[in-house]
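Student: Can we go through this one together? I would like the terms spelled out as we go.
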Amino acid sequence: MTTSTLQPAARTDASWLRLTLAGIAFAIVGLLMMGLAMLLVPSVNEGGDFTGVSDYVLTAAALPQGLGLLLTAFGVHRLQGGRDGRLGSAGVWLYGVCVTELIIQCMASVAVGSELIWGPLYPVCAFGLMLGLALLAAGSWRVGLVPRWMLALWPPLGLVGSFLGVGPIPLVFVGFLVALAVVLRERVGR
């Protein structure tokens, strides 16, 4: 009877690939919630109070979207094995801090049924997401795991397709994440 074992690095890559793909799937669920709610049921948020189901759906989408996108960014960083350097590490940590604040703020808003505004934190953290992704992309530029055209699109699409979602852009971001999943599966899953 012959048994084969994977090398520790291959096992780690396979585990991180699965976690990254799960993060992408989770993010897609949140983005679909957000995008479809924006397209099908317009929000009638008056004075910050939630008045319809779409207000709750749009805000609650932050949880799967944010956790999924955080796992995706961290997974890409880990799959590169440190080759994205300090820029990649700084980008992932900035992204993590900003997305955590946004998730907490959105979940608190859902809990009270009204849009909570904590000073300039929402727009500052939304732009912090883009900056974090830009740092991760800059560090990843020479690594070759993610194609350069995707690295160039990821930060701005991540901003206008997620927490500062505009029109159908969250659905475009879904397409981007599906393409990212295919690329990662092909390049890591070999």
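Tutor: Start with accessibility: buried means under 20% relative accessible area, exposed over 50%, and partly exposed in between, with a 1.4 Å probe and protein chains only. This is a predicted model, in which local features need pLDDT of at least 70 and side-chain atom pairs count only at pLDDT 80 or more, while totals for chains, interfaces and linings use all residues. Residues are numbered from 1 along each chain as its sequence is written, and side-chain values use heavy atoms, with hydrogens and water left out.

Student: Ok. Where is V41, and what is its relative accessible area?
Tutor: V41 sits in the loop between α1 (8-40) and α2 (53-60). Its relative accessible area is 44%, so V41 is partly exposed. Helices here are DSSP runs of H or I with at least four residues, strands are runs of E with at least two, and both are numbered from the N terminus.

Student: Which residues make the nonpolar surface patch with V41?
Tutor: L32, L36, L39 and L40 make the patch together with V41, and its area is about 440 Å². Patch residues have over 30% relative accessible area and no salt bridge; nonpolar side chains (Val, Leu, Ile, Met, Phe, Trp, Tyr) are joined within 5 Å, like charges within 9 Å. A salt bridge is a side-chain nitrogen of Lys or Arg within 4 Å of a carboxyl oxygen of Asp or Glu. The areas come from the Shrake-Rupley method with a 1.4 Å probe, and for residues only the protein chains shown count as cover.

Student: And L39, which helix is that in?
Tutor: L39 is in helix α1. It is partly exposed, at 46% relative accessible area.

Student: New topic, helix packing. How do α2 and α4 cross?
Tutor: The axes of α2 and helix α4 (residues 85-112) come within 9 Å and cross at roughly 155°. Axes are lines fitted to C-alpha atoms, for helices over the stretch in contact, and angles run from 0 to 180 degrees between N-to-C directions. The two helices α2 and α4 are therefore roughly antiparallel. Angles over 145 degrees count as roughly antiparallel, under 35 as roughly parallel, 65 to 115 as roughly perpendicular and the rest as oblique.

Student: Is the crossing of α2 and α4 left-handed or right-handed?
Tutor: Left-handed. That is the term if the near helix is turned anticlockwise from the far one by less than a right angle; clockwise is right-handed.

Student: What about α4 and α5?
Tutor: The α4 axis and that of helix α5 (residues 121-140) come within 7 Å, crossing at roughly 155°. So α4 and α5 are roughly antiparallel as well, and α4 passes α5 in a left-handed crossing.

Student: Is E101 buried or exposed?
Tutor: E101, in helix α4, counts as buried because its relative accessibility is 13%. Its C-alpha is 7.3 Å from that of C125, which is 24 residues away along the chain.

Student: And G119?
Tutor: G119 lies in the loop between α4 and α5. At 49% relative accessible area, G119 is partly exposed.

Student: Last pair: how do α3 and α7 run?
Tutor: Helix α3 (residues 62-79) and α7 have axes that come within 13 Å and cross at roughly 30°. They are therefore roughly parallel, and their crossing is left-handed.
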